[in-house]
Amino acid sequence: MSNYVQLGNVHTYYEEDGEGEALVLLHPGLADSRAFEEYLPEFARHFHVFRPDRRGHGRTPDVEGPITYEQMARDTIAFLEQVVGGPAYLLGHSDGAPVALLAALERPDFVRKLVFSCGVFHHDGWAPGAIDLDDETLAFFIDYWGAVAPDGREHFWVVKDKLDRMHREEPTLTVDDLGGYPGPALIMVGDRDEEIPIEHTLALREGLPDAQLAVLPGADHGSLDARIVIEFLAGREEEP
């Protein structure tokens, strides 16, 4: 089911599928809720799945001013409050991962479990050149982004410039900051992900108080494993 909700000044598009406990999926940068379509049938068999398009992505229009991870985390918290109506499992992939992490740090009571997939907690965690798009990748995103953008294809360059700035300056969390989310966390990364050095991912695991690491064999930066995610989320939660 497709719908819109007003989150502050952001007219946010989202998809909703399945039944059960709430699972919110946060997409990569310059992508949108369509990025999870491959995994949706499996997730929707187990969970009530929400897929919001963040500001300036997919069918959600851009708004005045910069795009920041902090803003998108606040948008996510508002989505949990207004649409989900309470705590949820939160999965973020690539750009969606620091958004999910910042939301969990701000409102740990709203994040039952966190899945942090192929992302960084500090902008220094990107490998050299990882955030620079080659011509082939750029051409893909111009078409992909422009196919549904309410602001029109020409606005792609505005959003790209905003994200370029964000990627070079954000996020800025330290390992010590990560202790602010005490809940269960799954860190997922491909063993062929050349965009994030493994040392950064290991530091993330050490900083989160209750984290486990899943390294996907033969997987690159775009990869997810729905089976591992479902097993982690469906596992028995500790009694308070």
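A quick definition before the points: a residue is called buried when its relative accessible area is under 20%, exposed when that area is over 50%, and partly exposed in between (1.4 Å probe, protein chains only). By that rule Cys118 is buried, with a relative accessible area of 2%.

This is a predicted model, in which local features need pLDDT of at least 70 and side-chain atom pairs count only at pLDDT 80 or more, while totals for chains, interfaces and linings use all residues. Residues are numbered from 1 along each chain as its sequence is written, and side-chain values use heavy atoms, with hydrogens and water left out.

1. **Helix 2.** I would start your tour here. Helices (H or I, at least four residues) and strands (E, at least two) are DSSP runs, numbered from the N terminus. Helix 2 spans residues 69-84 and is mostly covered, with 12 of its 16 residues buried. Among the buried ones are Met72, Ile77, Phe79, Leu80 and Val83, but also Gln71, Asp75 and Thr76. Just after the helix, Gly85 takes a positive phi of about 85°.

2. **The nonpolar cores.** A nonpolar core here is a set of buried Ala, Val, Leu, Ile, Met, Phe, Trp, Tyr and Cys residues joined through side-chain atoms within 4.5 Å. The largest one has 48 residues, and Val24, Phe79 and Leu101 have the most contacts inside it. Helix 2 supplies the largest share of this core, nine residues. A second, separate core of 22 residues includes Tyr39, Leu186, Ala214 and Leu216. As background, nonpolar side chains tend to be buried together in soluble globular proteins.

3. **Phe79 and its neighbours.** Which residues does Phe79 contact, leaving aside its neighbours within four places in sequence? With contact taken as heavy atoms within 4.5 Å, the list is Val5, Leu7, Tyr14, Val24, Phe50, Pro52 and Val84. Phe79 itself is buried, at a relative accessible area of 2%.

4. **Aromatic pairs.** Rings of Phe, Tyr and Trp (its six-membered ring) pair if their centres lie within 6.5 Å; planes under 30 degrees apart count as stacked, over 60 as edge-to-face and the rest as tilted. The count comes to eight aromatic pairs. The Tyr14 and Phe79 rings have centres 5.3 Å apart and planes at 80°, so this pair is edge-to-face. It links distant parts of the chain, with Tyr14 in strand 2 (residues 10-17) and Phe79 in helix 2, 65 residues apart. Tyr14 is buried too, at 7% relative accessible area. The Phe50 and Phe79 rings are also edge-to-face, because their centres are 6.0 Å apart and their planes at 80°. That pair joins strand 4 (residues 48-52), where Phe50 lies, to helix 2, 29 residues apart. Tyr14, Phe50 and Phe79 together form one aromatic cluster.

5. **Arginines over rings.** A charge sits over a ring if NZ of Lys or CZ of Arg is within 6 Å of the ring centre and within 35 degrees of the ring normal. Arg34 lies over the face of Tyr144, at 3.9 Å from the ring centre. Arg107 does likewise with Phe110, at 4.3 Å.

6. **Salt bridges.** The rule is a side-chain nitrogen of Lys or Arg within 4 Å of a carboxyl oxygen of Asp or Glu, and the count comes to 15 salt bridges. Glu21 pairs with Arg112, the closest N and O atoms being 3.2 Å apart. Glu21 lies in the loop between strand 2 and strand 3 (22-26) and Arg112 in strand 6, so the pair ties together parts that are 91 residues apart in sequence. Glu21 is partly exposed at 37% relative accessibility, and Arg112 is partly exposed at 26%. Arg153 and Asp143 meet at 2.8 Å, N to O. Salt bridges that share partners also join Glu81, Arg107 and Asp109 into one network.

7. **Backbone spots to check by eye.** Ser94 has a positive phi of about 55° although it is not a glycine; it sits in the loop between strand 5 (88-93) and helix 3 (96-106) and is buried at 10% relative accessibility. Cys118, our opening residue, also has a positive phi, near 55°, and is placed in the loop between strand 6 (111-117) and helix 4 (135-146). Finally, the peptide bond from Glu170 to Pro171 is cis, with omega near -10°, and Pro171 lies in the loop between helix 5 (156-169) and strand 7 (184-190).
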